[in-house]
Amino acid sequence: PAELIEKGGKRKKFSRRTSSVRFTMDPPECSGHSHDHEHENDLGLSLRPQIDLPNVYCLNEEVENAGRSVLKLHEERLSVNPSLLSPEDDPELLLFIPFTESVTLQSISIRSSTSQETAPPKTVKIFANRDDLDFEMVRELEPNMKLELLPPEHFPLGSIDYPCRPAGRFQNISSVTIFVEDNYDGGGEQPTEITYVGLKGKGTKMKRMAVETVYESRGMPTDHKVPGADFSGQNLI
């Protein structure tokens, strides 16, 4: 039989046997982020189709192209392999993610394993529309957003979505850079490990356009004529 459920002041009718509607309540300590509970619209919000994968790169990765490999499909987000590792005694990672079109980035999800030999990332800085960053720059620059990630034990059965705020800083962007500043290893000896990076938002269908500039190796006088220059050197009476 159908029932009426009160939710946010609205009544929703559904059948016990056939409905796919499910309401979930996160505990009070989960303010500031949301848990991914397999909602049906999660896949539709994924920005993975808009990621320019061949041009993704990560600085300080232990294995080449490992940063690219953790941009997994949404349904593969709980897999622990492949993963992105930093070197031992150095927790920093700098992951650059360009898009094939302008997007509005609404949330970021970063997941790690529970391995005792590695440490999950802790402090993360997010930069939008910067393709010129290195470690020295990101340590000094003010980010568009700074996050302190929760350890994977907080929600082992899924992923955590951190909303991008202020929202205006992440509208119509062409790239996002994720800087992992430190991890949960107090001694700083264990490498940082990331098993999944997920981005959600909206695409604009506005493709990025490459600007072609032609530089002259030597200036040509005929291309730089000034009106009246033909009379230079002549005495007019």
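## A charged patch

A patch is made of residues with over 30% relative accessible area and no salt bridge, with like charges joined within 9 Å. A salt bridge here is a side-chain nitrogen of Lys or Arg within 4 Å of a carboxyl oxygen of Asp or Glu. Asp and Glu count as negative, and the place of a charge is taken as CG of Asp or CD of Glu. Accessible areas come from the Shrake-Rupley method with a 1.4 Å probe.

This is a predicted model, in which local features need pLDDT of at least 70, side-chain atom pairs count only at pLDDT 80 or more, and totals for chains, interfaces and linings use all residues. Residues are numbered from 1 along each chain as its sequence is written, and side-chain values use heavy atoms, leaving out hydrogens and water.

With that in hand, meet the negative surface patch formed by Glu-62, Glu-88, Asp-89 and Glu-189. Glu-189 sits in the loop between strand S10 (173-180) and strand S11 (193-194); helices (H or I, at least four residues) and strands (E, at least two) are DSSP runs, numbered from the N terminus. Glu-189 has a relative accessible area of 56%, so it is exposed (exposed means over 50%, buried under 20%, partly exposed in between). Asp-89 lies in the loop between S5 and S6 and is exposed too, at 53%.

## Aromatic rings

How many aromatic pairs does the structure hold? There are two. In one of them, the ring centres of Phe-135 and Phe-179 are 6.1 Å apart and the planes stand at 65°, so the pair is edge-to-face (centres within 6.5 Å make a pair; planes under 30 degrees apart are stacked, over 60 edge-to-face, the rest tilted).

This pair links distant parts of the chain, with Phe-135 in helix H3 (residues 135-140) and Phe-179 in strand S10, 44 residues apart. Phe-135 is buried at 16% relative accessible area, and Phe-179 is buried at 0%.

## Backbone details

One runs from Asn-81 to Pro-82, with omega near -5°, and Pro-82 belongs to the loop between helix H2 (66-69) and strand S5 (84-85). The other runs from Arg-165 to Pro-166, with omega near -5°.

Now look at phi. Asp-89 has a positive value near 65° although it is a residue other than glycine. For Asn-65, phi is also near 65°, and this residue is partly exposed at 36% relative accessibility.

Methods: Patches are made of residues with over 30% relative accessible area and no salt bridge: like charges are joined within 9 Å, nonpolar side chains (Val, Leu, Ile, Met, Phe, Trp, Tyr) within 5 Å. Buried means under 20% relative accessible area, exposed over 50%, partly exposed in between (1.4 Å probe, protein chains only). Rings of Phe, Tyr and Trp (its six-membered ring) pair if their centres lie within 6.5 Å; planes under 30 degrees apart count as stacked, over 60 as edge-to-face and the rest as tilted.
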